[in-house]
Amino acid sequence: MTRELRFYADSANVEEISALLADGLVHGVTTNPTILERGRRSVRDIPELYARWEAEGAREIFFQAWGDSAKTMIGNAERLAALGSRVVVKVPATRDGFTTAAALVSAGATVLVTAVYAQAQALAAATVGVRYIAPYLGRLNDAGREGVAEISAMQSLVQGSGTDVLAASLRTPDDIVSLAEVGVPFFTAAPAVILAALYSEVSDRSAEDFEAAVARGLQD
Ligand code: E4P
């Protein structure tokens with residue numbers, strides 16, 4: 001059985017994302033209101049960002065619904081979903097978020113439930129039929145919990161249901177590897193973490209040796 005693995009850029013830094021997309025290194029882009037703020041953007045910029053990242057080849061583009069009631073959140077989520085076929089609507093794992101998720105799934109949207117911190121939330125998201133759940137590894141560990149073990153258990157819970165884990169709050173390449181080892185398929189991380197996952201000093205030295213051999217072979 002083959003297993004698809006994917007990296008996503010967890011960022012709203014358009015320059016860094018353009019480079020990752022142009023180089024074919026990420027499947028798409030994930031954002032939330034905090035990430036937009038960090039990139040000096042706001043929810044007003046979402047249509048422009050969607051158009052940009054779609055043109056740059058992102059296959060999935062995640063924006064998060066907001067609102068202080070399920071009704072408001074559903075309205076915002078519907079506007080996000082209407083941006084285009086590559087949108088995945090994120091909703092927080094709250095009471096209103098689950099109501100929004102169920103409404104969106106019924107309407108045929110692709111949905112991710114984010115900030116999943118409990119096994120029962122992971123299970124509930126799968127019963128609603130969302131495509132992805134996003135547990136936060138770094139923040140679980142920050143809270144003194146066993147992040148990898150807990151996310152591994154979530155992965156087992158939703159396995160085969162049509163819901164997959166798209167892990168977030170990944171701060172090092174080793175975070176990604178630890179979760180891949182327990183079967184998590186999808187990962188979103190800041191561009192710097194994605195780039196760090198490509199790097200080994202030894203590989204760079206080997207590449208220099210290869211180049212030197214090519215150069216010697218072309219002398220005289
Ligand atoms: C994703 O939606 C989260 O905002 C992000 O992964 C959090 O990462 P952090 O815990 O390193 O801030």
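This is a predicted model: local features need pLDDT of at least 70, side-chain atom pairs count only at pLDDT 80 or more; totals for chains, interfaces and linings use all residues.
Taken as a whole, the protein contains 11 helices and 8 strands. Its C-alpha trace spans about 75 × 40 × 35 Å along the principal axes. The radius of gyration is 19 Å, which agrees with the value near 17 Å that a compact globule of 220 residues would have. Of the 220 residues, 43% are buried.

A pair of aromatic rings is described by the distance of the centres and the angle of the planes. The search of the whole structure returned 6 aromatic pairs. One of these joins Phe7 and Phe187 in an edge-to-face arrangement, with 6.4 Å centre to centre and 80° between the planes. This pair links distant parts of the chain, since Phe7 belongs to strand β1 (residues 6–10) and Phe187 to strand β8 (residues 186–189), 180 residues apart. The two partners are classed as follows: Phe7 has 24% relative accessibility and therefore counts as partly exposed, while Phe187, at 3%, counts as buried. The cut-off behind these labels is 20% relative accessible area, under which a residue is buried.

Tyr8 and Phe62 also form an edge-to-face pair, here with 5.4 Å centre to centre and 85° between the planes. Because Tyr8 lies in strand β1 and Phe62 in strand β3 (residues 60–64), the pair ties together parts that are 54 residues apart in sequence. Tyr8 and Phe62 are both buried.

Arg6 sits over the face of Phe186, 4.2 Å from the ring centre. Arg131 takes up a position over the face of Tyr132, at 4.8 Å from the ring centre.

Attention now turns to the ligand. Its surroundings consist of Asp10, Asn32, Ile35, Lys90, Tyr136, Arg139, Ala168, Ser169 and Arg171. For Asp10, an N or O atom of the side chain is 2.8 Å from an oxygen atom of the ligand. For Tyr136, the distance from a polar side-chain atom to a ligand oxygen is 3.1 Å, and for Lys90, a side-chain N or O atom is found 3.4 Å from an oxygen of the ligand. On its own the ligand has 340 Å² of accessible area, and the protein covers 85% of this.

Asn76 is part of helix α4 (residues 70–81). With a relative accessible area of 9%, Asn76 is buried, and its side chain makes a polar contact of 3.2 Å with the side chain of Arg79. Ala51 is located in helix α3 (residues 46–55) and, at 41% relative accessibility, counts as partly exposed. The C-alpha atoms of Ala51 and Gly84 are 9.0 Å apart in space, although 33 residues separate the two in sequence.

Definitions and conventions. Residues are numbered from 1 along each chain as its sequence is written. Side-chain values use heavy atoms; hydrogens and water are left out. Rings of Phe, Tyr and Trp (its six-membered ring) pair if their centres lie within 6.5 Å; planes under 30 degrees apart count as stacked, over 60 as edge-to-face and the rest as tilted. Helices (H or I, at least four residues) and strands (E, at least two) are DSSP runs, numbered from the N terminus. Buried means under 20% relative accessible area, exposed over 50%, partly exposed in between (1.4 Å probe, protein chains only). A charge sits over a ring if NZ of Lys or CZ of Arg is within 6 Å of the ring centre and within 35 degrees of the ring normal. A residue is near a molecule or strand if one of its heavy atoms lies within 4 Å of it. A polar contact is a pair of N or O atoms within 3.5 Å; within protein, one must be able to donate a hydrogen and the other to accept it, and residues adjacent in sequence count only if both atoms are side-chain atoms. Accessible areas come from the Shrake-Rupley method with a 1.4 Å probe; for residues, only the protein chains shown count as cover. The radius of gyration is taken over C-alpha atoms; the globule rule is 2.2 Å times the number of residues to the power 0.38.
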